[in-house]
Amino acid sequence: RTNLDFITVAGTAAPKLKIPLSVFYSLYFVFTAEYFLLPYTDMFRKKYYAQVTPCVIALLLLITCVYSALKGVNVITRFGIFLFAFALVTNILMFGGSISSLDFSLYGFEFNGNASDFFQNTLYFITPAFIAVLYACLSGATKNFRLRQAVFALIFTGVKYALILFFIWFSLGDYAHTQEYQTFMLSRVAHFGSFGGIESFYLALATMSVFMIISLILCAVTKSVKKESDKKTVILFALILFSAHICGTYLNSVKEILTSTVIFVIFTAIASLLPFCCAFLGRKSNARKA
């Protein structure tokens, strides 16, 4: 079965699973959207524009995401080409401008640290796995997809994450451990001669990245209830996201849950393994019938 998404295939093969799967993936995508949206709005307020409340930033961003979600998946992914080019320029500026600040005298490349640091860095590398869940729910709407695209994206993401950790450690050192948003601070200290600080580039990249993620999530969550590009459904889920953002902004206990990397990785593992398990069991069942 080609040109179909996981929800459609599972709903056709086992109609009783359609509603539970739709509810599960809807909750997952709401959680994922808040996992990225809450830290972004908090960073925007604390580091860039303290006069604005995070809820206003979230509302404006969600309005643009609703508009893009109504245009469809392929329009949003074409925007990803521009986003990739801008991310490449921003990271070159950020890493290149931090070279002069590297200090290898105080730190080394030997293996050290504790289990907690290793665990946190491992989770940091795993977080992009949510892309697999997005693809599983949007595969019926994508065109000209190739496996090498996912492979190269994974390689680029791994290299970027490793470089971020490298420059944070050797450019910022112990100062990084006292900062809440370390990558933003890395962009602030990057400089080329008299030209210093490219935090505006980094903030623009963060804004476009969160915009694209939430737009695709709105497409996926509406697809999970079999109403792709339906205006009322997209707006409804956008309102749910905004309501969850308000709760996360003013209730610390809710924010801790919605921004927990451990919960996010566990949730992602379940959501990404379900299509694999269903495909494996379905092939096994078809083989027995044959």
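How many salt bridges does the structure hold? The structure holds 4 of them, a salt bridge being a side-chain nitrogen of Lys or Arg within 4 Å of a carboxyl oxygen of Asp or Glu.

1. Basis of the note. This is a predicted model, in which local features need pLDDT of at least 70 and side-chain atom pairs count only at pLDDT 80 or more, whereas totals for chains, interfaces and linings use all residues. Residues are numbered from 1 along each chain as its sequence is written, and side-chain values use heavy atoms, with hydrogens and water left out.

2. Overall architecture. The protein chain contains 12 helices and 2 strands; these are DSSP runs numbered from the N terminus, helices being H or I of at least four residues and strands E of at least two. Along the sequence the pattern reads α-α-α-α-α-α-α-α-β-β-α-α-α-α. Of the 290 residues, 41% count as buried. Here buried means under 20% relative accessible area, exposed means over 50%, and partly exposed lies in between (1.4 Å probe, protein chains only).

3. Contacts and surface. Contact means heavy atoms within 4.5 Å. Among contacts between residues at least 6 apart in sequence, 79% join residues at least 24 apart. The accessible surface of the protein chain comes to about 16,500 Å², with 68% of it belonging to carbon and sulfur atoms. Accessible areas come from the Shrake-Rupley method with a 1.4 Å probe, and for residues only the protein chains shown count as cover.

4. Nonpolar core. The largest nonpolar core has 75 residues, and those with the most contacts inside it are Tyr25, Phe29, Ile214 and Leu218. The largest share of this core, 16 residues, is supplied by helix H9 (residues 199–223). A nonpolar core is a set of buried Ala, Val, Leu, Ile, Met, Phe, Trp, Tyr and Cys residues joined through side-chain atoms within 4.5 Å. Leaving aside neighbours within four places in sequence, isoleucine 214 is in contact with Ala33, Leu37, Leu61, Leu62, Cys65 and Leu241.

5. Helix H8. Thr183, Phe184, Met185, Leu186 and Ser187 are buried in H8. The buried residues of this helix pack against H2, H4, H7 and H9.

6. The salt-bridge network. Asp42, Arg45, Lys46, Glu180 and Lys255 are linked in a network of salt bridges. Because they are 3 residues apart in H2, aspartate 42 and arginine 45 are separated by about one helical turn. Aspartate 42 is buried, at 5% relative accessible area, whereas arginine 45 is partly exposed at 27%.

7. Lysine 46 forms a salt bridge with glutamate 180, the closest N and O atoms being 3.0 Å apart. That pair likewise links distant parts of the chain: lysine 46 is in helix H2 and glutamate 180 in the loop between H7 and helix H8 (182–189), 134 residues apart.

8. Glutamate 34 lies in helix H2 (residues 18–47). Glutamate 34 is buried yet has no salt bridge, and the nearest side chain of opposite charge, lysine 255, is 10 Å away. In this count Lys and Arg are positive and Asp and Glu negative, while His and the chain ends are not counted. Residues up to four places away in sequence aside, glutamate 34 touches Pro39, Leu241, Ala244, His245 and Leu258.

9. Leucine 38. This residue also sits in helix H2 and is buried, with a relative accessible area of 2%. The C-alpha atoms of leucine 38 and glycine 248 are separated by 7.2 Å, although the two are 210 residues apart along the chain.

10. Nonpolar surface patch. A nonpolar patch of about 970 Å² includes Phe84, Leu88, Ile92 and Leu147 among its residues. Patches are made of residues with over 30% relative accessible area and no salt bridge, like charges being joined within 9 Å and nonpolar side chains (Val, Leu, Ile, Met, Phe, Trp, Tyr) within 5 Å. Helix H4 (73–96) and helix H7 (147–172) each supply at least two residues, and H7 gives the most, with 7. Leucine 88, in helix H4, is partly exposed at 46% relative accessibility.
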